[in-house]
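Me: I am new to this structure. Can you show me how to read it, feature by feature?

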Amino acid sequence: MERTEDLAIGLDIGGTKILAALVSQNGEVLSKCQTDTKKGKEQFGDFLLTTLNALIKEASIEKTRIKGIGIATAGVIDSKKKEILFASNLGLSNFPIGLFLENKLGLPVQLYNDANAAAVGEWMWGAGKGKQNLIYITVSTGIGAGIISNDKLLTGLSDSAGEFGHISINFDGPLCPCGNKGCIENYTSGTAIAKIAHERIKNGAVSHYLSANAGVITAVDVCNAAEMGDFFSIDLLEEVGEYLGLGIINLIHLLNTEVVILGGGVMNGAKFILPALQRTVQKHGIASMVDKAKIDISHLGNDACVMGATGLFFKESTQNAALLIK
């Protein structure tokens, strides 16, 4: 029997990779493709268009079944104008991504913050299913958070709520691209992990797995080295867990959530990050609040953003957005 359910394209735009997927209205991922991110306004739009056309062609389906595109992106956005206002890790400012794709593909587009989209994906189909209050934190090239409170997604005045990575934990710390100093992102993001590892080895620290290639270390390298027993890398990932834990305590105290879900590429090092994070939360948090907040790893993994973006798209396109977004 031929399938006829409605589909939407989910697009997860990150600083290092872009994931595009065809997702059904019940949350099934039918096909997907991943490519490295091309940065800068001059080539970014055409690159997206090529990626989406390839996805549609490869799926071999009737284009009429595709009802639109839900985009999850890093950076500061204006969801009503469907515009990326500023994304330092994409090299973009004032980029009208929604208008561009609508004109090129003839499909309606909705734009969402990536952490918000991932939070919705986990809430509908993942680690937060059945919960009324949850926080999703993406620990990747950058750091962000999506917040569900009493079954509603909190987006803030200009859809920019959840900039967890730009909460300062050290006003004398390193300068962040946002202009602040000592942001959580400076200590816990994939970019920060690579930078810290490079600087420490350059200044004399020893890693049996990383020292030979200190100039081209990535967060993936650090996670892999930790798995192989490299004490330098294990210590660094445990530090990441401690810093994340300090930030998460504040979120739990502020929002009294049921579950905190951690996703993103850096959580490939969860074996080392999570125990340190949990110890920090238990040590410094208000016991009656942190004991009720489960800390979990994303169940949807890399698909959380694309699934959440399509879930939001379907809700909005069927005029049910008021049930979700307030």
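Reply: Start with one term. A residue is buried when its relative accessible area is under 20%, and exposed when that area is over 50%. Bear in mind that the model is predicted.

Me: Which residues of helix 2 are buried?
Reply: Helix 2 spans residues 97-105, and its buried residues are Ile97, Gly98, Phe100, Leu101 and Leu105.

Me: How many aromatic pairs does the structure hold?
Reply: It holds four. In one of them, the ring centres of Phe95 and Phe100 are 6.2 Å apart and the planes stand at 45 degrees, so this pair is tilted. Phe95 is buried, at 6% relative accessible area. Phe313 and Phe314 make an edge-to-face pair, with 6.0 Å centre to centre and 70 degrees between the planes. Both partners are buried: Phe313 has 2% relative accessibility, and Phe314 has 7%.

Me: Which residues do ring pairs link into a cluster?
Reply: Phe44, Phe95 and Phe100.

Me: How should I read a nonpolar core?
Reply: In soluble globular proteins, nonpolar side chains tend to be buried together. Here the largest nonpolar core has 43 residues. Ile137, Phe164, Ile248 and Leu262 touch the most other members. Among the elements giving two or more residues to this core are strand 9 (134-139), strand 10 (143-149), helix 5 (190-202) and helix 8 (270-284). Helix 7 gives the most, with ten residues.

Me: What is Ile248 in contact with, leaving aside its neighbours within four places in sequence?
Reply: Ile137, Phe164, Val260, Leu262, Leu277 and Val281. Apart from this core lies another, of 31 residues, which includes Leu7, Ile66, Ile69 and Leu92.

Me: How far does helix 7 reach from its first C-alpha to its last?
Reply: It reaches 36 Å, close to the 36 Å expected for its 25 residues, 231-255. Asn256 follows helix 7, with a positive phi near 50 degrees.

Me: How many salt bridges does a search of the whole structure find?
Reply: Side chains of opposite charge can pair when their charged atoms come close. The search finds seven salt bridges here. One joins Glu5 and Arg65, at 3.5 Å from N to O. Glu5 sits in the segment before strand 1 and Arg65 in the loop between helix 1 and strand 4, so the pair ties together parts 60 residues apart in sequence. Glu5 is partly exposed, at 24%, while Arg65 is buried, at 14%.

Me: What about Asp303 and Lys32?
Reply: Their side chains meet in a salt bridge too, at 2.9 Å from N to O. Asp303 is in the loop between strand 13 (294-297) and helix 10 (304-317), and Lys32 is in strand 3, so this pair ties together parts 271 residues apart in sequence. Asp303 is buried, at 14%, and Lys32 is partly exposed, at 43%.

Notes. Residues numbered from 1 in each chain as written. Predicted model: local features only at pLDDT ≥ 70, side-chain atom pairs only at ≥ 80, totals over all residues. Heavy atoms only, no water. Helix = DSSP H or I, 4+ residues; strand = E, 2+ residues; numbered from the N terminus. Expected span 1.5 Å × (residues − 1). Phe/Tyr/Trp six-rings, centres within 6.5 Å; stacked < 30°, edge-to-face > 60°. Buried < 20%, exposed > 50% of the residue type's maximum accessible area, 1.4 Å probe, protein only. Core = buried A, V, L, I, M, F, W, Y, C linked by side-chain atoms within 4.5 Å. Contact = heavy atoms within 4.5 Å. Salt bridge = Lys/Arg side-chain N within 4 Å of Asp/Glu carboxyl O.
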